[in-house]
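Biologist: I have not looked at this structure before. Could you take me through it in a few questions?

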Amino acid sequence: MSDVLHQLNHVLSEIEACAAGRKPPSLIAVSKTFDTAQIEPVLVAGHRQFGENRVQESQKKWPSLREKYPDVILHLIGPLQSNKVADAVALFDVIHTVDRPKIAKALASEMIRQDRSLDVFVQINTGGEAQKAGVRVEDADVFIENCRSQYGLRVVGLMCIPPIEGVAADHFKLLSEIAKRHDLADLSMGMSSDYRQAIDAGATFVRLGSAVFGSRDKNLPIS
Ligand SMILES: *Cc1c(COP(=O)(O)O)cnc(C)c1O
């Protein structure tokens with residue numbers, strides 16, 4: 001068996017073990033920087049949920065893979081710029097990174113225009129980091145409410161990327177508390193380094209790149 005399939009099977013059993021009898025979270029295999037030849041074995045093995053962080057890179061890779069595997073579910077997990085919203089709505093099934101009114105509004109009108117209805121997550125900047133995307137914690141309640149009632153987006157949950165420093169579990173717990181206040185069922189949290197803590201805190205989607213595909217060092221981003 002190839003390395004990637006070994007790793008895929010390994011993380012799937014780890015995820016199930018961490019869930020400890022509860023429903024395990026869905027695995028989003030984060031395929032950014034990996035090319036179609038590296039992704040396809042994972043599709044052949046039957047996996048269907050993938051994450052990418054750039055719209056342009058995804059447009060080069062996924063239309064051809066989608067033709068062969070039409071039931072793929074593609075998640076956008078990277079920041080979205082307004083000039084990419086139309087392309088993102090056309091290509092992706094789920095957007096994890098809604099974090100400002102301009103993008104929320106643009107997504108809503110583009111979904112109507114294209115007659116497509118995507119699930120969305122609101123990204124929360126739980127660490128209050130200046131350089132990081134996401135709504136500030138103190139603005140989260142109003143923004144989530146506006147996404148639903150003002151823009152009519154189908155908000156299914158919240159997403160966060162904890163700061164590199166500090167205790168990831170604290171951020172997962174905070175995200176879960178905000179979600180509970182808004183009756184949001186889904187939590188997109190946990191990457192290769194911290195997915196076990198995320199599952200303990202109730203993640204329903206974990207986003208794993210290197211744990212599935214290996215190190216990205218040799219795979220420079222496709223621009
Ligand atoms: C790259 C990326 C991941 C996966 O990271 P790994 O550490 O390789 O598991 C998860 N979430 C987001 C938002 C990413 O950009």
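Biologist: What radius of gyration does the protein chain have?

Modeller: This is a predicted model. Along its principal axes, the C-alpha trace spans about 50 × 40 × 30 Å. A compact globule of 223 residues would have a radius of gyration near 17 Å, and the protein chain agrees with that, at 17 Å.

Biologist: How many helices and strands are there, and what share of the residues is buried?

Modeller: The secondary structure comes to 9 helices and 9 strands. Among contacts between residues at least 6 apart in sequence, 60% join residues at least 24 apart. Of the 223 residues in the protein chain, the buried share is 49%.

Biologist: Where does helix H3 bend?

Modeller: H3 covers residues 55–68, and its 14 residues reach 20 Å from the first C-alpha to the last, close to the 20 Å expected. A proline, Pro 63, follows the bend within four residues. The bend is about 40 degrees, and its place is Trp 62.

Biologist: Which elements do the buried residues of H3 pack against?

Modeller: The buried residues of H3 include Val 55, Lys 61, Trp 62 and Leu 65. In an α-helix, residues three or four places apart point the same way, because there are 3.6 residues a turn. The packing partners of the buried residues in H3 are helix H2, strand E2, strand E3 and helix H4.

Biologist: Is Ser 193 buried or exposed?

Modeller: Ser 193 lies in the loop between strand E8 (186–188) and helix H8 (195–200). Its C-alpha is separated by 25 Å from that of Ala 37, which is 156 residues away along the chain. The cut-off for exposed is over 50% relative accessible area. Ser 193 has 67% relative accessibility, so it counts as exposed.

Biologist: How many disulfides does a search of the whole structure find?

Modeller: A disulfide is a covalent bond between the sulfur atoms of two cysteines. The search of the whole structure gives a count of 0.

Biologist: Which cysteine sulfur is nearest to that of Cys 18?

Modeller: Cys 18 is buried, because its relative accessible area is 16%. Cys 18 is in no disulfide, and the nearest cysteine sulfur is 17 Å away, in Cys 160.

How values were computed. Residues are numbered from 1 along each chain as its sequence is written. This is a predicted model: local features need pLDDT of at least 70, side-chain atom pairs count only at pLDDT 80 or more; totals for chains, interfaces and linings use all residues. Side-chain values use heavy atoms; hydrogens and water are left out. Helices (H or I, at least four residues) and strands (E, at least two) are DSSP runs, numbered from the N terminus. The expected span of a helix is 1.5 Å times one less than its number of residues. The bend at a residue is the angle between axes fitted to the seven residues ending there and the seven starting there. Buried means under 20% relative accessible area, exposed over 50%, partly exposed in between (1.4 Å probe, protein chains only). Contact means heavy atoms within 4.5 Å. The radius of gyration is taken over C-alpha atoms; the globule rule is 2.2 Å times the number of residues to the power 0.38. A disulfide is a pair of cysteine sulfur atoms within 2.5 Å.
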